[in-house]
Amino acid sequence: MKYSAVLACMLLVACAHAPVEQSPAQLFSDHLFAAPSERISADDVFALSDEMKRYLETEMAGALLRKGLHKGLIDALYSENQLRLEYDAAMTRNASQAFAARSGNCLSLVIMTAAFAKALGLSVEYQGAYIEPTWSRVGGMYFLSGHVNLTLGGRMIGARSIYDTSDLLTVDFLPPEQLRALRTWVIPEATIVAMYMNNRAAEMLVRGRLDDAYWWARAAIGQDPAFLSAYNTLGVVYLRHGDWPQAERVFDHILEREPQNTRALSNLALALQRLGRMAESGIVQRKLAEIEPYPAFHFFDRGLAAMQLGDFKTARDMFAKEIDRDPYYHEFHFWLGVANLRLGNPGEARKEVSLAMENSNTREDRDLYAGKLEWIRSHSDR
């Protein structure tokens, strides 16, 4: 069964928000981890650097005067002849880091935009979006990502915001075709901060920095104790650290609130295995199979197995099936391209590798697929 090989499943952006609750201190085990190697503070998330303040006072001034605060801000940040910000999911950056790097994932860009908007006195409202969740896999760990955007309102005067509905401007970083009929719900800023910290915890996990991952996850829970994704990340930290009883308690905590949370169920099954409680683990796995008979990457893994056997037609069909479930994940398109190339369809191969490049989330992946695409073109044109 697939879940016996799963090391971790983490939800980077939650799809729901439960009522406010107190952070459960009994789930933390600070004594097991060394102090973090970097500062972890909510104060840093939206803080403007000196470079950002100078940009606000100089480069932005003209656009703000000509176009107004809302459109002037967005033009100054995202027009091609200004900052030329680039989408890059390699790291979740805070506002100043995203500005310095001129890049970030959707959460980083939301945070940076909000930081500038608040500096201008604009009100900011954050939204989660109802979209098909996107899975990815790095270093034996599975990641499930959601999506957030923000709406800029009027000028804040004390505790009041003065604007009319024509002044509202929603900023989103999804491709236009994904924005059609997008449904959203409002989330508090504390949850945005928790999402940022949870992402940082996940990124530390990928790098093997378990001490830092623990403190980031702990801080995320402190920001929003109802944000269950951060608990799942904390549980995964315990799994990777070899703290099986602590991991079990965390996943039980999640499942008390969301009994059908598949990430928590899969990780609980693994924790119970490590504790030698195989019968209980089997019960959890059977429940999981009933809820999710075809988990993420199921058809993709079958496609990879078929590739190893030289059965490229089956591989092509399996990769296409996975793309039907998640049409925007770059790796699925790449391997569909490889299968088509092995089947003697260079045109289809070029098309799929091009889609892999377009849907890749990091500069490194884009460069990699660009090289693969050039190789296919040069060899198929002979």
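Does Trp185 count as buried or exposed, and at what relative accessibility?

1. Trp185. This is a predicted model, and the opening question can be answered from it. Trp185 has a relative accessibility of 15%, so this tryptophan counts as buried, because the cut-off for buried is under 20%. Its place is in strand 10, which covers residues 183-187. Along the sequence, Trp185 and Tyr126 are 59 residues apart, yet their C-alpha atoms are 8.3 Å apart in space.

2. The protein as a whole. There are 382 residues, of which 50% count as buried. The secondary structure consists of 17 helices and 10 strands. Among contacts with a separation of 6 or more, 65% are made by residues 24 or more positions apart.

3. Helix 5, length and burial. Helix 5 runs over residues 106-119 and has 14 residues. From its first C-alpha to its last it reaches 20 Å, close to the 20 Å expected at 1.5 Å a residue. Of its 14 residues, 12 are buried, so helix 5 is largely enclosed by the rest of the structure. The buried residues include Cys106, Leu107, Val110, Met112 and Phe116. Just after the helix comes Gly121, with a positive phi of about 85°.

4. Ser108, a residue to look at within helix 5. Ser108 belongs to helix 5, and its relative accessibility is 0%, so it counts as buried. Leaving out residues up to four places away in sequence, Ser108 touches Met91, Thr92, Arg93 and Ala98. Ser108 can also be compared in position with Tyr196: the two are 88 residues apart in sequence, and 7.8 Å apart from C-alpha to C-alpha.

5. Val45, a buried loop residue. Which part of the chain holds Val45? Val45 sits in the loop between strand 1 (8-11) and helix 1. Its relative accessibility is 1%, so Val45 counts as buried. Apart from neighbours within four places in sequence, Val45 is in contact with Asn94, Ala95, Ile111, Val193 and Tyr196. One of these, Ile111, is among the buried residues of helix 5. Val45 and Ile192 are 147 residues apart along the chain, and 9.5 Å separates their C-alpha atoms.

6. Helix 1 against helix 2. Helix 1 (residues 50-57) packs with helix 2 (residues 59-67) at an angle of about 40°, and the axes are 3 Å apart. The two helices are therefore oblique to each other. On the helix 1 side the contact is made by Arg54, Tyr55, Leu56 and Glu57, and on the helix 2 side by Glu59, Met60 and Ala61. By type, these residues divide into four nonpolar, no polar and three charged.

7. Helix 15. This helix covers residues 330-342 and has 13 residues. Its reach from first C-alpha to last is 19 Å, close to the 18 Å expected at 1.5 Å a residue. Its buried residues are His330, Phe332, His333, Phe334, Leu336, Gly337, Val338, Ala339 and Asn340. Just after helix 15, Gly344 takes a positive phi of about 80°.

8. Positive phi at Arg102. Arg102 is not a glycine, and its phi is positive, near 55°. The residue lies in the loop between helix 4 (95-101) and strand 3 (103-104). How accessible is Arg102, in terms of relative accessibility? The value is 24%, so Arg102 counts as partly exposed, because buried requires under 20% and exposed requires over 50%.

9. Positive phi at Phe297. Phe297 is another residue other than glycine with a positive phi, here near 75°. Phe297 is in the loop between helix 12 (278-291) and helix 13 (298-308). Is Phe297 buried or exposed? Phe297 is buried, with a relative accessible area of 1%.

10. Places to check in the structure. A reader can start with Ser108 in helix 5 and find Met91, Thr92, Arg93 and Ala98, which Ser108 touches. Val45 comes next, with Ile111 and Tyr196 among its contacts.

Methods
Residues numbered from 1 in each chain as written. Predicted model: local features only at pLDDT ≥ 70, side-chain atom pairs only at ≥ 80, totals over all residues. Heavy atoms only, no water. Helix = DSSP H or I, 4+ residues; strand = E, 2+ residues; numbered from the N terminus. Buried < 20%, exposed > 50% of the residue type's maximum accessible area, 1.4 Å probe, protein only. Contact = heavy atoms within 4.5 Å. Axes fitted to C-alpha atoms, helices over the stretch in contact; angles between N-to-C directions. Parallel < 35°, antiparallel > 145°, perpendicular 65-115°, else oblique. Nonpolar A, V, L, I, M, F, W, Y, C, P; charged D, E, K, R; others polar. Expected span 1.5 Å × (residues − 1).
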